[in-house]
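User: I'm new to reading protein models, and I'd like a close look at one helix and what surrounds it. Could you take me through it step by step?

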Amino acid sequence: MKELAMHVYDLMENSTAADSSEVRLSIVDSLKDNDFHFTIEDNGRGMSPEFLARVTDPYTTSRTTRKVGLGLPLIKMNTENCGGGMRLESEVGKGTRLEFWFQHDHWDRPPMGDLPGTLVLLLSAHEDIHFVITYRTDVDEYVLDTDELKEALDGMSLNDIHIINYLKEMIAENLAEIKANE
């Protein structure tokens, strides 16, 4: 994947497929600390210790539609090639926590890409899941909580095209305000 937003989407889709009712994404984007740090946490099914030990092997997947799973192996490779790393913790019945990070100024670090569009796609596809997205920079922090969003929308669907367009614009404006970086 050429953009971090697509990695985020793919990895958060893993959380939705694991029957999570809550998924949290935290991004720390610090030029000062030269750190681009991502954390995805869910309260889904979790993984057994045996599966967790093999999960970065591309031929290990829980999917029945194909025999390979590339999301975690790709992000692991990308982080290690860019002065970063990956940490994965999971417990059956409790959920999973994935952290991955990059040296912010590394020349091989993929660009962020269209994070607002990616997030809106994810939120509108999984209205039944509570998402909390936190993006922190050296300037400030932006938090998007879908429970608060749904309350403010007073029952309007996140699938409505007008809401989708509004959310994408709102997220982009908020990220620009806190000086989110590429």
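At the start of H4, which backbone nitrogen does a side-chain oxygen of Asp-114 reach to within 3.0 Å?

Analyst: That nitrogen belongs to Gly-117: a side-chain oxygen of Asp-114 comes to within 3.0 Å of it at the start of H4. Before we go on, keep in mind that this is a predicted model, in which local features need pLDDT of at least 70, side-chain atom pairs count only at pLDDT 80 or more, and totals for chains, interfaces and linings use all residues. Residues are numbered from 1 along each chain as its sequence is written, and side-chain values use heavy atoms, with hydrogens and water left out.

First, the overall layout. Along the sequence they follow the pattern α-β-β-α-α-β-β-α-β-β-α-α. The radius of gyration is 16 Å, close to the 16 Å that the globule rule gives for 182 residues, so the chain is as compact as a globular protein of that length. (The radius is taken over C-alpha atoms, and the rule is 2.2 Å times the number of residues to the power 0.38.)

Now back to your helix. H4 covers residues 115-125, and nine of its 11 residues are buried. Buried means under 20% relative accessible area, exposed over 50%, and partly exposed in between, using a 1.4 Å probe and protein chains only. Among the buried residues of H4 are Leu-115, Gly-117, Leu-119, Val-120 and Leu-122. What covers them? The cover includes helix H1 (4-17), strand S1 (22-30), S5, S6, helix H5 (146-153) and H6.

S1 and strand S2 (residues 35-42) run antiparallel, joined by eight bridges, and Val-28 has His-37 as its bridge partner in S2. Four residues lie between the strands of this hairpin, where Asn-34 takes a positive phi near 55°. S1 is also joined to S5 by eight bridges, but this pair runs parallel; here Leu-25 stands opposite Ile-133. Strand S5 (residues 130-137) is in turn joined to S6 by five bridges, running antiparallel, and Arg-136 has Glu-141 as its bridge partner in S6.

Thr-134 counts as buried because its relative accessibility is 17%. Contact means heavy atoms within 4.5 Å, and by that test Thr-134 touches residues including Leu-25, Ile-27, Glu-141 and Val-143.

What about the nonpolar core? In soluble globular proteins, nonpolar side chains tend to be buried together. A nonpolar core here is a set of buried Ala, Val, Leu, Ile, Met, Phe, Trp, Tyr and Cys residues joined through side-chain atoms within 4.5 Å. The largest one has 43 residues, of which Phe-38, Phe-100 and Met-112 touch the most other members. Leaving out residues up to four places away in sequence, Met-112 touches residues including Leu-4, Ile-27, Phe-38 and Tyr-135.

Finally, look at Ser-157, in the loop between H5 and H6. Ser-157 counts as partly exposed, at 29% relative accessibility. Its side chain makes a polar contact with the side chain of Glu-127 (3.1 Å). A polar contact is a pair of N or O atoms within 3.5 Å; within protein, one must be able to donate a hydrogen and the other to accept it, and residues adjacent in sequence count only if both atoms are side-chain atoms.

How values were computed:
Two strands pair if DSSP finds at least two bridges between them. Helices (H or I, at least four residues) and strands (E, at least two) are DSSP runs, numbered from the N terminus.
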